[in-house]
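Here are some notes to read alongside the sequence and the model, written as numbered points. Please keep the structure open beside you while you go through them.

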Amino acid sequence: MQKPNYVPLILLGIVAVLGILPGFNGVPTQIVTEGINSGDTAWMLVATALVLLMTPGLAYFYGGMVNNKNVISTMLQSFIAMGVISVLWVVVGYSLAFGSSVGGFIGNPMDHFMFKGVLDGKPWSLAASIPLVVFAFFQLKFAVITPALVTGSMAERINFRSYVLFMILFSLFVYAPLAHMTWHPEGFLFKLGVLDFAGGTVVHMSAGWAALAGALYLKRRKSHLEASFFPPANIPFVLLGTGLLWFGWFGFNAGSAVGATSLAASAFATTNTAAAAAGLAWVLFDSAKGKKVSALGFCIGAVVGLVAITPAAGFVTVPTAIFIGTVAAMVSNYVAHLRSKSTLDDTLDVFPCHGVGGMVGMIMTGIFASRSVNSAVAEGGEGLAFGQTTLFINHMIALVLVSVFAFGMSMLLLKVTDLILPLRVSEEDEKSGLDVSQHDEFLIEG
């Protein structure tokens, strides 16, 4: 047993009571139906469900790679995000990300507090054919998976309650501002001309830099210090997780067209192509170094390809996706190799895969974005490959700014979290495994 803590339950109780009070219960005045397209709405409901499926997929992906005494705790860190962020998004998260702009950096938290005006609101300006609530919940699924991605770098040594607190702070102070800056028409990066079709900057770069901050802050596991090698708990879990992620990513990227359109079909095709190319490139790169082709390698490579194509999916051609996936896989593979030779204990290589993969994708978008693929690319704002430099330069500026913001703010939030609840488990708890020490559960072997 651990010391009772009533604060989280009381906070949830307050939110629950707010949800039934007049003025906060979100009762709509009149549902907007004008301009709503049933086909687009149906596709976006499916896409929203697909993106949610990615988080359980991530749980299997990460859970299969850790030591067998940390499988449940690692998987739960993804599942708990589905609960915590879903509630937080309704209360204030959506408003912070997509409320009226405050200086181009954050949304007004009171615009849609407790989802005010979402059920009966006008459709989002860039998604005019679907109900606002569908757009809001599609965006929620991105907010759910982002902090879950971070957990792979701190696996096997983070206190569960501290992780939940950090996840909340990260969502409010890192994810929401980046989503607003990048995807809100009045956002700073949006106005700069940055193109991020489905979250290479907002999701993967932010998670990757937060993961690096977490690995540095929590320092090395005892097993890492002792150079002890523990094999992955369950490679079939990793394969299953990869399949679920790949499948769900069609909602992630093709859904970001916010309609059942030819652009969605194009993003669907580039997504699959980049993942396939990257999975092959990772194992072939390993083979060129004298390693055997491995299931783990193909899975990691495929996910890196999915990460890298995310910002570019709706802006580049299908053949270009082969190049993006191949380059991203080789770069991430090399960075992961360098990490393995260093003292950095990023448990599941979140920074080399998601952080570096996201940055490669952002750079590639600045090189290959084409107005012929997507008319949202501004006149004179095509990629470097088409002889235009503005977009590429803006992407390089944004890459630096986002990296500094995500890393610096994450490091600050880790420190704040640690002051409230110690982030690192005890050496004894780490040795016994987080499944037992944090949750009184364990994986039955055999």
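1. A salt bridge is a side-chain nitrogen of Lys or Arg within 4 Å of a carboxyl oxygen of Asp or Glu. By that rule, Lys191 forms a salt bridge with Glu186, the closest N and O atoms being 3.2 Å apart. Side chains of opposite charge can pair when their charged atoms come close.

2. Before going further, please note that this is a predicted model, in which local features need pLDDT of at least 70 and side-chain atom pairs count only at pLDDT 80 or more, while totals for chains, interfaces and linings use all residues. Residues are numbered from 1 along each chain as its sequence is written, and side-chain values use heavy atoms, with hydrogens and water left out.

3. How open to the surface are the partners in these bridges? Buried means under 20% relative accessible area, exposed over 50%, and partly exposed in between (1.4 Å probe, protein chains only). Lys191 counts as exposed because its relative accessibility is 58%, whereas Glu186, at 40%, is partly exposed.

4. The search of the whole structure finds 10 salt bridges. One of them joins the side chains of Asp286 and Lys289, at 3.9 Å from N to O; here Asp286 counts as buried at 7% relative accessibility, and Lys289 is partly exposed at 38%. Another joins Arg424 to Glu430, with the closest N and O atoms 2.9 Å apart, where Arg424 is partly exposed at 28% and Glu430 is buried at 10%.

5. The whole structure holds 22 aromatic pairs. In one of them, the ring centres of Phe115 and Phe137 are 5.6 Å apart and the planes stand at 90°, so the pair is edge-to-face. Because Phe115 lies in the loop between strand S2 (106–107) and helix H4 (132–154), while Phe137 lies in helix H4, the pair ties together parts that are 22 residues apart in sequence. Helices (H or I, at least four residues) and strands (E, at least two) are DSSP runs, numbered from the N terminus. Phe115 is buried, with a relative accessible area of 11%, whereas Phe137 counts as partly exposed at 30%.

6. Phe323 and Phe368 also form an edge-to-face pair, with 5.6 Å from centre to centre and 75° between the planes. This pair links distant parts of the chain, since Phe323 is in helix H12 (residues 318–340) and Phe368 is in helix H13 (residues 350–368), 45 residues apart.

7. Ring pairs also link Trp89, Tyr94, Phe98, Phe115, Trp124, Phe135 and Phe137 into a cluster.

8. Which residues does Leu195 touch, leaving aside its neighbours within four places in sequence? They are Pro311, Phe315, Thr365, Ala369, Val377, Leu391 and His395, where contact means heavy atoms within 4.5 Å. Leu195 sits in the loop between helix H6 (188–192) and helix H7 (200–218), and it is buried, with a relative accessible area of 12%. Trp183 is 12 residues away from Leu195 in sequence, and their C-alpha atoms are 8.9 Å apart in space.

Notes
Phe/Tyr/Trp six-rings, centres within 6.5 Å; stacked < 30°, edge-to-face > 60°.
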